[in-house]
Amino acid sequence: MSRILPKFLLLALITVLLFITFAAFFDSIPQQYSAGLTGDFLSKGKDESLQGAEQQPGALKPAPTYVVSEEKSPAKIEWEKKKKEDQEKRRKKEEEDKKRKEEEDKKAKDEEKKKLNEEKHKKHTEERRARDKPRVRPGTFSMPPDFKHNPEGPRPDQIVLLAAADGKGHNNGIPNILEQIRPNRQEYADYHGYKYHFINITKFDIGGAHPVWAKLPSIVEAFNTYPDAEWVWWLDLDAIIMNPEIDLNEHLLKHSVMKQKLLGGKELETENRRKTGVKMVENPDPANVDLILAQDQNGVNAGSFFIRRSAWTQMLLDFWADPMFINTDWVALEQDALAHLIYTHPIIRNNVGLVVQNLINAYPLTNVHEMGYSPGDLVVHIAGCWVANRCESQWNDYMKQSTSVAQVKSKNQGQGQSPSS
């Protein structure tokens, strides 16, 4: 009996503990579920308060995932910030290095291309200069030691009327000028017994020099073609002989006439009649005059001049063809070079004779004293007509006004004069 009692007490204690445990469990369940637990809990009955919940919006969506952020220390935040800044700096530096490398490569290529182009241009320029280098070599003419000038003037066959052009037949916008001017010059020369000489200047190798510089070798050729010639009259192609009745000896070349016509002591002028302070020889001796020309509003004009065979003329042509002059960027080219020689070198100026312009080089101007053309003048020079684009109209107008040799002969025969008088 004493052994059974302890066992019974132990069993009773366990029973009480189980009862207390179940009681506590049921007390913790909400009241609305208590009925279900007593009846339907063991049969897993549904909670009717949740019926239809599966049709509610979002009822089938999974529950959001919540991430618990880790608290970062200030030191870690600063380290991550610095790391990010360092990464950004490295990225920028890499981009800058790449860009700089591309620019350097491009610059190197551009420099190389530029150098190649410069070398190519230099080579081309040197070749062109070698090929087209101005090289006016007028040469010279014979000057017999016993050659004398007659004070009464040269014989008719000792005067050469010289014209030169490139053979293209146009000048300053005047169509077919060669065909028009040849009979004008030829009949005048024939009437007085002068020599008319035309030169196609393309025969001269003057390199890259302007065609006007071919004037110099043309003069030399004229003297060489006619060894007895004393005077050469250079007359630009755009000039018309208006009065073929005029004899050049009586007009200018006879010493007695020349002495009257030369403007001794006349001051030379340049652009717009600007005074130079340089004066011609006060009392020129016709025996020493080897070049006769006139000056216009821009100074001496080389469109119409007379040049005499002499040692001085040989020297002048040699100086005139100086390569420095030919390569100088003068507006009037060979004319400005001649003016320079006359203005600055007394040894040149002392053998130059100056006359009024309309005596040998009148311009198509009216009522301009000593410069413009007047009926009866020897020649009219259609110079500067291109400025107002009036070359063709002025040329045609003055060609109509010019007197022909046939008209002169007819007049002389009517007066009982000989054709050559």
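What share of the contacts in the chain between residues at least 6 apart in sequence join residues at least 24 apart? The figure is 71%. The notes below concern a predicted model.

1. **Overall make-up.** The chain has 421 residues, and 36% of them count as buried. Its secondary structure comes to 14 helices and ten strands.

2. Six strands make up an open sheet. Their order is S2-S1-S3-S8-S7-S9, with mixed pairing. The edges belong to S2 (195–200) and S9 (352–355). Each has a single partner strand, so one side of each lacks a neighbour in the sheet. From one strand to the next, the twist averages 30 degrees.

3. **Pairing around S8.** S8 (299–308) is mostly covered, with ten of its ten residues buried. On one side, S3 (231–235) joins S8 through five bridges, and the two run antiparallel. Val232 is placed opposite Ile307 of S8 in this pairing. S7 (residues 291–296) also pairs with S8 in the antiparallel sense, again over five bridges. Here Gln295 faces Val300 of S8. S7 and S8 form a hairpin, and two residues lie between them.

4. **The S9 edge.** S7 and S9 run parallel and are joined by four bridges. Leu291 has Val352 of S9 as its bridge partner. S9 is an edge strand, so it has a single partner in the sheet.

5. **H5 on the sheet.** H5 (residues 215–225) packs on the sheet and touches S1 (159–165), S2, S3 and S8. The direction of H5 makes about 15 degrees with that of S8. How many of the residues of H5 are buried? Nine of its eleven are, and the helix is mostly covered. The buried set is Lys215, Leu216, Pro217, Ser218, Ile219, Val220, Glu221, Ala222 and Phe223. Note that Lys215 and Glu221 are in that set. The cover over these buried residues includes S1, S2, S3, S8, H8 and H10.

6. **H5 against H8.** The axes of H5 and H8 (residues 311–320) come within 10 Å and cross at roughly 155 degrees. Angles over 145 degrees count as roughly antiparallel, and H5 and H8 are therefore roughly antiparallel to each other. The crossing is left-handed. H5 contributes Lys215, Leu216, Ile219, Val220 and Phe223 to the contact. H8 contributes Thr313, Leu317 and Trp320. By class, the contact has six nonpolar residues, one polar and one charged.

7. **H10 across the sheet.** H10 (residues 334–344) lies across S7, S8 and S9. H10 runs at about 80 degrees to S8, whereas the direction of H5 makes about 15 degrees with that of S8. H10 is also among the elements that cover the buried residues of H5.

8. **Tyr194.** Is Tyr194 buried or exposed? Tyr194 is buried, because its relative accessible area is 6% and the cut-off for buried is under 20%. Tyr194 sits in the loop between H4 (177–192) and S2. Neighbours within four places in sequence aside, Tyr194 contacts Pro156, Ile159, Tyr188, Ala189, Asp247 and Leu248. Tyr194 and Arg155 are 39 residues apart in sequence, yet their C-alpha atoms are 8.6 Å apart in space.

9. **Asn249.** Asn249 belongs to H6 (residues 248–253). Asn249 is buried, with a relative accessible area of 12%. Residues up to four places away in sequence aside, Asn249 touches Glu152, Gly153, Pro154, Lys254 and Val257. Asn249 and Arg155 are 94 residues apart in sequence and 8.8 Å apart in space, C-alpha to C-alpha.

10. **Arg155 as a reference point.** Which C-alpha distances have Arg155 as one end? The distance to Tyr194 is 8.6 Å, and that to Asn249 is 8.8 Å.

Terms used. Residues numbered from 1 in each chain as written. Predicted model: local features only at pLDDT ≥ 70, side-chain atom pairs only at ≥ 80, totals over all residues. Heavy atoms only, no water. Buried < 20%, exposed > 50% of the residue type's maximum accessible area, 1.4 Å probe, protein only. Contact = heavy atoms within 4.5 Å. Axes fitted to C-alpha atoms, helices over the stretch in contact; angles between N-to-C directions. Parallel < 35°, antiparallel > 145°, perpendicular 65-115°, else oblique. Left-handed = near helix turned anticlockwise from the far one by under 90°. Nonpolar A, V, L, I, M, F, W, Y, C, P; charged D, E, K, R; others polar. Pairing = 2+ DSSP bridges.
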